Amino acid sequence: MTDVALSLKDVSLARDGKFLLEKVNLRIRHGERWVVFGPNGSGKTSLLRIASFYTHPTSGKVEVLGHELGKTDIRKMRHLVGFSSQGFADLLRPSLTALEVVMTAAYGALEPWWHKYSKEDKEKALLELKRIGIEGLRNRTFGTLSSGEKQRVLIARSMMSDPGLLLLDEPAAGLDLPARENLVNGLSLLSKDTSAPPIVLVTHHVEEIPAGFTHVLFLRGGKAIATGTINETLNEKNLSACFDLDLRLQYRNGRWSAIAEPKQ
Ligand SMILES: Nc1ncnc2c1ncn2[C@@H]1O[C@H](COP(=O)(O)OP(=O)(O)OP(=O)(O)O)[C@@H](O)[C@H]1O
Ligand SMILES: [Mg+2]
């Protein structure tokens, strides 16, 4: 089997005569953990939608785990990719337990009573809660969880089908500081798990990069303006160019922070 989980070759997406993505090239291998930066409207969500087969690119080649988009039955490919975005929390009944929220993903359902769950389903759901560090919350109802805990439950849910690629679209948006740190710690735990699939995390903030992440993609105006390892590519020059602002970047104990250069 190929060690490339996601490959985009010259991928473009055009709508209403405008490029939302333009000739993006990206190769994500097993074991890698990617962060995607870009200002509002730079094409981050569009990129994730293409990688999870919800949007077809206008041109270019997309391969996920060796399956080429357009050449394989899309129904067979969807379960290969785990996708988590903020709006999903609102679709869930607040009285479901955290364990049920994760377990229902085994059948792509939102409610537990449509299916009979096996002992294996339950054990698998518990394992996924454990991998992201929240097995202690398994019997808590979803509605009573903090926003950060909810996001961790949703990430565990997207891992239930054993995806070969995990895509997370701004999971920390709108969280307060403790909730954000709680989520980032969970993602750091998952990212260090060698059996976890490659992860792609979309965010606007370097503070949200979990320790252990390996690669970065900077998008601006639908173009990949820099791509590579965090060591070589996450720097003041690329970050400033991406957000069109003179930024100072700091690194401490595996975590990053950024501020604008003070005006003289
Ligand atoms: N179906 C569509 N038709 C036309 N324009 C679209 C469509 N979907 C998205 N866009 C536009 O494409 C651009 C990129 O959108 P996208 O959602 O990918 O950005 P983003 O980087 O995720 O932004 P944000 O940080 O705000 O989430 C935006 O200008 C958006 O308005
Ligand atoms: Mg978006």
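Biologist: In which loop does Phe-53 lie?

Modeller: This is a predicted model. In it, Phe-53 has a positive phi of about 65° although it is not a glycine. Its place in the chain is the loop between α1 and β4 (59-64).

Biologist: Is Phe-53 buried or exposed?

Modeller: A residue counts as buried if 20 or more other C-beta atoms lie within 10 Å of its own. Phe-53 has 20 other C-beta atoms within 10 Å, so Phe-53 is buried.

Biologist: Which helix gives the largest share of the shell around ligand 1?

Modeller: The residues around ligand 1 include Asp-16, Gly-41, Lys-44, Thr-45 and Ser-46. By class, the shell has one nonpolar, seven polar and three charged residues. The largest share, three residues, comes from helix α1 (residues 44-51).

Biologist: How far does helix α4 reach from its first C-alpha to its last?

Modeller: Helix α4 spans residues 119-131 and has 13 residues. At 1.5 Å a residue, 18 Å is expected. The model comes close to that, with a reach of 18 Å.

Biologist: Which residues of α4 are buried, and what arc do they cover around the axis?

Modeller: The buried residues of α4 are Ala-125, Glu-128 and Leu-129. They lie on the same side of α4, because their arc around the axis is only 100°.

Biologist: Which exposed residues does the face of α4 turned away from its buried side carry?

Modeller: The cover over the buried residues of α4 includes α3 (98-103) and α5 (147-158). The face turned away from that buried side carries the exposed residues Lys-119, Glu-120 and Glu-123.

Biologist: How far apart in space are Val-81 and Ser-158, C-alpha to C-alpha?

Modeller: Val-81 is found in strand β6 (residues 81-85) and counts as buried, with 24 C-beta neighbours inside 10 Å. Not counting residues up to four places away in sequence, Val-81 touches residues including Ala-51, Val-64 and Leu-165. Val-81 and Ser-158 are 77 residues apart in sequence, but in space their C-alpha atoms are separated by 8.4 Å.

Note on methods:
Residues numbered from 1 in each chain as written. Chains lettered and ligands numbered in written order. Predicted model: local features only at pLDDT ≥ 70, side-chain atom pairs only at ≥ 80, totals over all residues. Near = placed C-beta within 6 Å. Helix = DSSP H or I, 4+ residues; strand = E, 2+ residues; numbered from the N terminus. Nonpolar A, V, L, I, M, F, W, Y, C, P; charged D, E, K, R; others polar. Buried ≥ 20, exposed ≤ 12 C-beta atoms within 10 Å, placed from the backbone. Expected span 1.5 Å × (residues − 1). Arc of directions from axis to C-beta. Contact = placed C-beta atoms within 7 Å.
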